Amino acid sequence: MAVSSTDAGTKNIVQGGRLARYGLRTVALTYLSLLLLIPVALVFYKAFEEGFSVAWEAVSTPEAQHAIYLTVLMVVIAVPINTVFGIACAIVLVRHNFRGKALLNAAIDMPFAISPVVIGLSLVLLYSTRDGWFGQDLAAAGIEVIFTPVGMVLATMFVSLPFVVREVVPVLQEIGDDQEQAASTLGAGRWQTFWRITLPSIRWGVTYGVILATARALGEFGAVSVVSGRISGSTETLPLYLRKLFDTFDVAGAYAAAVVLALLALVVLFAMNFIQRRDRAILAGPSVATEPGALVPHLDVPDGKENR
Amino acid sequence: MSQGAVTTADAPPRPGHRLGLGGPGLTRGLVVGYISVMVLLPIAAVTATSLEGGLAAFWDAVTAPQAVAALKLTVISSLIVVVVNVVFGTLIAWVLVRDQFRGKRFINSLVDLPFALPTIVAGLVLLALYGENGVLGLSGVSFTKVGVVLALLFVTLPFVIRSVQPVLLELDAEMEEAAASLGARPLTIFRRVVLPNLAPAIVAGGALAFARAVGEFGSLVLISGNIPFDTEVSSVYIFGQIESGNTESAAAVSVVLLAISVGMLFLINLLGRWTLRHGS
């Protein structure tokens, strides 16, 4: 419902504000260019400044490859677990009523509000073999968490936990449970109802959440940094490796690693755009002019939208 | 209405039907268990550890000069970031919704980039332009407080924009038309008609940006230089305390940080509920 310049009433806004409009546009685009566009473009430039081969060498050393492998491993373990529990969480939050639901709802948002470093610290306090709450017991059972990939996976799971839940909850609320009830009346079991009715209708929400969780898991730095001990060739993910390169004055290598991560981020961005467009096309028809991203975490902050 | 209630009331399920998601009780138990172990237990560990040495030790840890300096820098730079985000975020949202120009779609999708980009890359990205060998005359912000604010602005860019945009899209143009036909000037219309409608979304976006800024770590480690009493924010201070084995002091400052960001979100939540109830 964008204001069109042909509307008689808004005519004088548009006319009186042509200068203002160009002014606002200039300010907005300048701000975005200086903060976002130019710096990101510059990273690509700097990475390949000394030639493509230098950049390639920096990300193809055994150490770098292990870092990439470990980063992928984090995603491959943390994201599926969070997806399964995320869907279950969303169903419980939307379809069930029980005491303590508000607390559960708030707890799910906590990873958005907690500093990654604090998340790392909390895992150290729980699982450190030296003085963690469960560290010694787990060590006795042969499981070491801190300074190993196990702890890094836990940290990654913590930070990427809310995304699937927060994307699926609004979809579940919107579709209601009419069809699920119908399926159930017609004799479908719970699993059957879930697989044939619920999952197909939430699949884009789930996909969107998975993409966001993947982006976060790929790039997590603070929490993983605390938990991993940053042992090169062993517990170093790509973001940690990047930092080490930078600190050891291998700036070209750092930029090369940054490009790998930035490219992954761009893939994520494309996927998000694709799904948003598709989602909107299904929900609202093709007439919607602008598609604001839904990437802002859906924290449970009432924004007054219900008012209108 | 809960699905469980429906199945039991309307269509008593055959025993097999209880399987599926394991019945409402089992699913709920698993979910609550997962969240408790993954989220609540770690938070409890931090809180308990911060108080291990008693309240006095907690107070000492939190009021250590270096901790105070870090907390101060964190809160002040986060507040600056919120103000800048509120102004520019609303402005950018406005331009993205109401203006038409070539490349708008591209710019619009680009706004999400700070969320998709790993934070350590965000720091490096800013160094490329504003660092020592930066390109613009602005170079040299690395290792200064300006660099800290810049990094926070980068990572919090999308919050206000993405929370204002949908509201602006849904905003009924008739109100503005009515105001205009009654002779209100554009600025008055914006101030009296548009802004009050956007206010809740702006506040919500600002609060999220604040919570994020308070805890930010990754984008700061490269650009801020982490100089104690100067550019060291709380998260970096906590990291240093962990590295040097002072987990109790790290936990104490963590609790303060946690209280600030959670408290902020809670306040905003209350404010939102209040405005909903009392109408605007």
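Mentor: Two residues are in contact if their C-beta atoms, placed from the backbone, lie within 7 Å. Keep in mind that this is a predicted model.

Trainee: Let me try that on one residue. Which residues does B:Phe154 touch, not counting residues up to four places away in sequence?

Mentor: B:Phe154 touches B:Pro114, B:Ala122, B:Leu126 and B:Ser219 in chain B, and A:Leu35 in chain A. B:Phe154 itself sits in helix 8 of chain B, residues 145-170.

Trainee: Is B:Phe154 buried or exposed?

Mentor: Count neighbours. The cut-off for buried is 20 or more other C-beta atoms within 10 Å. B:Phe154 counts as buried because it has 24 C-beta neighbours inside 10 Å.

Trainee: How far apart are B:Phe154 and B:Gly123, in sequence and in space?

Mentor: In sequence, 31 residues separate B:Phe154 from B:Gly123. In space, their C-alpha atoms are 8.8 Å apart.

Trainee: Now the whole of chain B. How many helices and strands does it have?

Mentor: Chain B has 13 helices and zero strands. Of its 280 residues, 51% count as buried. Take the contacts in chain B between residues at least 6 apart in sequence: 77% of them join residues at least 24 apart.

Trainee: How many residues of chain A are in contact with chain B?

Mentor: The size of an interface is often given as the accessible area lost when the parts come together. Here we count residues instead. On chain A, 103 residues are in contact with 110 residues of chain B. Helix 2 of chain A, residues 18-47, gives the largest share of the chain A side, 17 residues. By class, that side has 69 nonpolar, 20 polar and 14 charged residues.

Trainee: Where do the domains of chain A lie?

Mentor: The domain assignment gives domain 1 at 12-47 and domain 2 at 51-286. Their C-alpha centres lie 32 Å apart. Five residues of domain 1 are in contact with six residues of domain 2. The domain 1 side of that contact has four nonpolar, no polar and one charged residues.

Trainee: And the core? Which residues have the most contacts inside the largest nonpolar core?

Mentor: In soluble globular proteins, nonpolar side chains tend to be buried together. The largest nonpolar core here has 181 residues. Those with the most contacts inside it are A:Val43, A:Leu121, A:Ala257, A:Ala258 and B:Leu124. Domain 1 and domain 2 of chain A each supply at least three residues to this core.

Trainee: What is A:Ala257 in contact with, leaving aside its neighbours within four places in sequence?

Mentor: The partners of A:Ala257 are A:Ala58, A:Val59, A:Ala64, A:Leu238, A:Tyr241, A:Leu242 and A:Leu245.

Key:
Residues numbered from 1 in each chain as written. Chains lettered and ligands numbered in written order. Predicted model: local features only at pLDDT ≥ 70, side-chain atom pairs only at ≥ 80, totals over all residues. Domains from an automatic or database assignment. Nonpolar A, V, L, I, M, F, W, Y, C, P; charged D, E, K, R; others polar. Helix = DSSP H or I, 4+ residues; strand = E, 2+ residues; numbered from the N terminus. Buried ≥ 20, exposed ≤ 12 C-beta atoms within 10 Å, placed from the backbone. Core = buried A, V, L, I, M, F, W, Y, C linked by C-beta atoms within 7 Å.
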